[in-house]
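Subject: Structure handover

Hello,

Here is the structure I promised to pass on. Please open it first, then read the notes below it.

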Amino acid sequence: MNQGEEPPDVDRLARSMLTLHGDHDSHDQPAPAARDRRGRSCSKATAFADNPERAAAVGEATEADRTRYLTSGLQPVDCRFCHVTVNVKRLRPGHTAVQWNTDASQRCAYFAELRASGADSARTRACPKLTDSIEHAVAEGCLDAVSTAPPAGDG
């Protein structure tokens with residue numbers, strides 16, 4: 001805070017956050033639509049309520065984009081130690097995206113050891129045994145050394 005500035009009004013900030021996001025019990029409800037100073041909707045995406053065919057096409061395109069962003073180029077890799085399967089995308093040497101699922105994160109022997117010792121496995125950078133398995137998969141040609149999938153984006 002700069003000299004001469006008033007401290008923020010914490011109560012006003014808290015009320016505005018509750019108005020915007022709701023309280024802890026209201027997460028089932030969608031957030032209210034954002035409004036500009038004149039009370040008009042500030043929604044970035046048009047709903048196409050008057051054109052159901054267009055709305056359906058936009059919905060399909062949105063789902064296709066979501067799938068592409070979340071799964072493009074991912075390949076399954078089995079851990080040679082505990083036999084869990086995760087999805088992996090090698091972006092470049094030294095940068096690998098690993099998509100864990102609930103079953104794999106619960107069954108991973110390394111993460112189980114961490115949890116048993118009281119550590120938080122979610123704060124652990126990676127499983128070294130899975131890292132070895134990923135390197136082995138690359139060496140064996142089972143996983144692309146660098147993903148050939150087109151990058152997620154507008155192209």
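What follows is a short account of what was found in it.

First, the ground rules. This is a predicted model, in which local features need pLDDT of at least 70, side-chain atom pairs count only at pLDDT 80 or more, and totals for chains, interfaces and linings use all residues. Residues are numbered from 1 along each chain as its sequence is written, and side-chain values use heavy atoms, with hydrogens and water left out.

Confidence next. pLDDT is the predictor's confidence in each residue, from 0 to 100. The chain averages 81, and 78% of the residues score at least 70. Among the elements, helix H1 (residues 10–21) has the lowest mean pLDDT, 71, while S1 has the highest, 95.

Now the layout. The chain holds five helices and three strands. Both kinds of element are DSSP runs, numbered from the N terminus: helices are H or I with at least four residues, strands are E with at least two. From the N terminus the order is α-α-β-β-β-α-α-α.

The sheet is open, with three strands in the order S1-S2-S3 and antiparallel pairing. Strands S1 (75–78) and S3 (95–99) are at the edges with a single partner strand each, so one side of each has no neighbour in the sheet. From one strand to the next, the twist averages 45°. Strands count as paired if DSSP finds at least two bridges between them. S1 and S2 are joined by four bridges. Here Pro76 stands opposite Asn87 in S2. Strand S2 (residues 85–92) pairs with S3 over five bridges. Val88 has Val98 in S3 as its bridge partner, and Arg92 stands opposite His95 in S3.

Two hairpins link these strands. The hairpin of S1 and S2 has six residues between the strands, and His83 there takes a positive phi near 65°. The hairpin of S2 and S3 has two residues between the strands, and in it Gly94 has a positive phi near 90°.

Helix H5 (residues 128–139) lies across S1, S2 and S3, at about 65° to S2. Axes are lines fitted to C-alpha atoms, for helices over the stretch in contact, and angles run from 0 to 180 degrees between N-to-C directions. Which residues of H5 are buried? They are Leu130, Ser133, Ile134 and Ala137. Down the axis of H5, these buried residues fall within an arc of 100°, so they line one face of the helix. That arc is taken from the directions from the helix axis to the C-beta atoms. Buried means under 20% relative accessible area, exposed over 50%, and partly exposed in between (1.4 Å probe, protein chains only). The cover over the buried residues of H5 includes S1, S2 and S3. The face turned away from the buried side carries the exposed residues Asp132 and Ala139. After H5 comes Gly141, with a positive phi near 80°.

Ser72 sits in the loop between helix H2 (52–71) and S1. Ser72 is buried, with a relative accessible area of 14%. Leaving aside neighbours within four places in sequence, Ser72 is in contact (heavy atoms within 4.5 Å) with Thr67, Lys89, Ala149 and Pro150.

Finally, the whole chain. Of its 155 residues, 15% count as buried. Among contacts between residues at least 6 apart in sequence, 41% join residues at least 24 apart.

Best wishes
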